[in-house]
Amino acid sequence: MLKEASLSNEFKLFYQTDEWQHTDEEKPSENEFFQSLAKAMELKDASLMQRNEPNTHWSRWTWSDFEKQGE
């Protein structure tokens, strides 16, 4: 598809992470991290990203979170 549009398939890494701050009570579009990521991508400036204390690491999950995954 990129070749058909005469676009290169070589991309520079903009940002990479395995963790971010997220809650079940908000949609990703309401999340400050993802909002700042969208703005940073739009303006091509990774320094605009809001990197709050991450809470998505598996070690922060409770056993009830694991049990709910099958529902």
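Phe-34 is partly exposed, with a relative accessible area of 27%; buried stands for under 20%, exposed for over 50% and partly exposed for what lies in between, with a 1.4 Å probe and protein chains only. The model is predicted, so local features require pLDDT of at least 70 and side-chain atom pairs pLDDT 80 or more, while totals for chains, interfaces and linings use all residues. Residues are numbered from 1 along each chain as its sequence is written, and side-chain values rest on heavy atoms, with hydrogens and water left out.

The secondary structure consists of two helices and zero strands; helices (H or I, at least four residues) and strands (E, at least two) are DSSP runs numbered from the N terminus. Of the 71 residues in the chain, 8% count as buried. The chain exposes about 6600 Å², of which carbon and sulfur atoms supply 51%, by the Shrake-Rupley method with a 1.4 Å probe.

Helix α1 runs over residues 32-43. Its 12 residues reach 16 Å from the first C-alpha to the last, close to the 16 Å expected at 1.5 Å a residue, where the expected span is 1.5 Å times one less than the number of residues. Within α1, the residues Phe-33, Ser-36, Leu-37 and Ala-40 are buried. Viewed down the axis of α1, these buried residues fall within an arc of 105 degrees and so line one face of the helix; the arc is taken from the directions between the helix axis and the C-beta atoms. An α-helix has 3.6 residues a turn, so residues three or four places apart point the same way.

Ser-36, with 7% relative accessibility, is one of these buried residues. Setting aside residues up to four places away in sequence, Ser-36 touches Leu-48, Met-49 and Gln-50, contact meaning heavy atoms within 4.5 Å.

Aromatic side chains link α1 to the segment before it. Tyr-15 and Phe-33 form a tilted aromatic pair, 6.2 Å centre to centre with 50 degrees between the planes. Rings of Phe, Tyr and Trp (its six-membered ring) pair if their centres lie within 6.5 Å; planes under 30 degrees apart count as stacked, over 60 as edge-to-face and the rest as tilted. Because Tyr-15 lies in the segment before α1 and Phe-33 in the helix, the pair ties together parts that are 18 residues apart in sequence. Phe-33 also forms an edge-to-face pair with Phe-34, at 5.1 Å centre to centre and 75 degrees between the planes. Tyr-15, Phe-33 and Phe-34 make up one aromatic cluster. Tyr-15 is partly exposed at 25% relative accessibility, whereas Phe-33 is buried at 7%.

At the start of α1, a side-chain oxygen of Asn-31 comes to within 2.8 Å of the backbone nitrogen of Phe-33. Asn-31 is itself buried, at 2% relative accessibility. Its side chain is joined to that of Glu-26 by a polar contact of 2.7 Å, a pair of N or O atoms within 3.5 Å in which, within protein, one must be able to donate a hydrogen and the other to accept it, residues adjacent in sequence counting only if both atoms are side-chain atoms.

Just after α1, Lys-44 takes a positive phi of about 55 degrees, although it is not a glycine. Most residues other than glycine have a negative phi. Lys-44 lies in the loop between α1 and α2 (63-68) and is exposed, with a relative accessible area of 72%. Glu-53 is found in the loop between α1 and α2. Glu-53 and Trp-20 are 33 residues apart in sequence and 7.2 Å apart in space, C-alpha to C-alpha.
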